[in-house]
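Please look at one strand and at the ligand in the structure below, and keep both in view while reading the report.

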Amino acid sequence: MRITLGVTGGVAAYKAAELARRLQQEGFSVQVVMTRSAREFIAPLTFAALTGEKVITDLFAAPSGGPANLDSAIEHIAVAQRTDLLLVAPATADTLAKFARGLADDFLSTLYLAAAAPVVVAPAMNVNMWRHPATQENIAMLRARGVRIVEPGEGYLACGMTGAGRLAEIDEILAAVREALQLKRDLAGETLLVTAGPTCEDLDPVRYLTNRSSGRMGYAVAEAAARRGARVILISGPTALAAPEGVERVSVRTAEEMHRAVLEKFPACTAAVFAAAVADYRPVEKLPQKMKRNKAPLTIALEPTPDILADLARQKGQRVLVGFAAETEHVAENARKKLAAKNADLIVANDVSAPGAGFDLDTNIVTLYARDARENALPQMSKFEVAQRILDEVLRLRATPRLVPAARRSQA
Ligand code: CTP
């Protein structure tokens, strides 16, 4: 997730450097925007070095001596669209006034108007400025508009006075950020197993059968679950993706290897999401040497791979199992069939041929089919958001007692 950190001109500006670092440690990418007066207190280079990203300072940044450039003039719109949260720390009385009244005369105040993302401000100023009715009125206006205010603390202020006005503690600011992003820790205590990516089924030492899965959907589930406090074991086929922070990744290549890894880790998990696009067939024989070209037509004998989801579902106990159904036609019908045939608790179905859905994209369009017949067609959203909805359903299904068919109940 991406946070834009606005730094405005106050003595506490130096504390924003530590804040940027802590945000990154929590897995956020951070774009820093500094006001002119902030730059009197701390150099942009400090933030550039910490975040590894260019720091934005001016609304009309021009190459030295040259005319103002249009690219940077419209940059605030691009930054606004990319940001998941705008955090301003420290926020001066002047910045709060601009935000409250909708003035837009620098990059940060323009960004505030252009951004639809949640906003968190952590004010820091002299105690009299903080208590002034003008500031308090601005704060009330911002709060009424949904802006989250991290109240300044009491203490010794740089101006020599004592009272309210110190920038809140970094932990408090981070808690407000998590709350604003609704980063729940509701999966604490759960162990989630996730399969992701394609599998590769070798034909000979240089050739293999595979599919177009990028692994992004499964990795998004793993990342979202880890952020919500779950222990996550990600069993991944070959992908170009980095393991999300805090996730234990087991790399595999073939369906057989994936099956073995899942069998080994399954007993420890409380829920499992099978997002991998497992090859349904593999060559009967893997040739030890490279196959040579031949003029005659070639037929390769294939055999089915183990159905990992269906196999584990036979021993699932109280675990919630989620499967995917990547379809190109009759999506609902196929999804309902898979739910029953695989004994899954939830099937996430998508039409991989629809625009905005499917492989190698950041977005997906899915419908969730739950074992209790609840069906939920979600609009197009990022794979990370889809992941959050899947996890919400996992929690709901875990809390819903499973109906045991009458026949099995009498055997028990
Ligand atoms: N799956 C699995 N092991 C396999 C094949 C599929 O665990 N050998 C899982 C996938 O991870 C997915 C679900 O089963 O969660 C459905 O996969 P999909 O390929 O859509 O279904 P198939 O059973 O292969 O049916 P078909 O290809 O005929 O649609």
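The report turns to the strand, then to the ligand.

This is a predicted model, in which local features need pLDDT of at least 70 and side-chain atom pairs count only at pLDDT 80 or more, while totals for chains, interfaces and linings use all residues. Residues are numbered from 1 along each chain as its sequence is written, and side-chain values use heavy atoms, with hydrogens and water left out.

Strand E13 spans residues 271-274, a strand being a DSSP run of at least two residues, and a helix one of at least four, numbered from the N terminus. Both of its faces are covered, with Ala271 and Val273 on one side and Ala272 and Phe274 on the other, all of them buried (under 20% relative accessible area with a 1.4 Å probe, protein chains only). E13 runs parallel to strand E8 (residues 191-196), joined by four bridges, and Thr195 has Phe274 as its bridge partner. Four bridges also join E13 to E16 (residues 320-327), again in parallel, and here Val273 stands opposite Val322.

| Residue | Part | Distance |
|---|---|---|
| Leu309 | backbone | 2.9 Å |
| Phe324 | backbone | 2.7 Å |
| Lys342 | side chain | 2.6 Å |

Taken alone, the ligand exposes 570 Å², of which the protein buries 75% (areas by the Shrake-Rupley method with a 1.4 Å probe).

How values were computed. Buried means under 20% relative accessible area, exposed over 50%, partly exposed in between (1.4 Å probe, protein chains only). Two strands pair if DSSP finds at least two bridges between them. A polar contact is a pair of N or O atoms within 3.5 Å; within protein, one must be able to donate a hydrogen and the other to accept it, and residues adjacent in sequence count only if both atoms are side-chain atoms.
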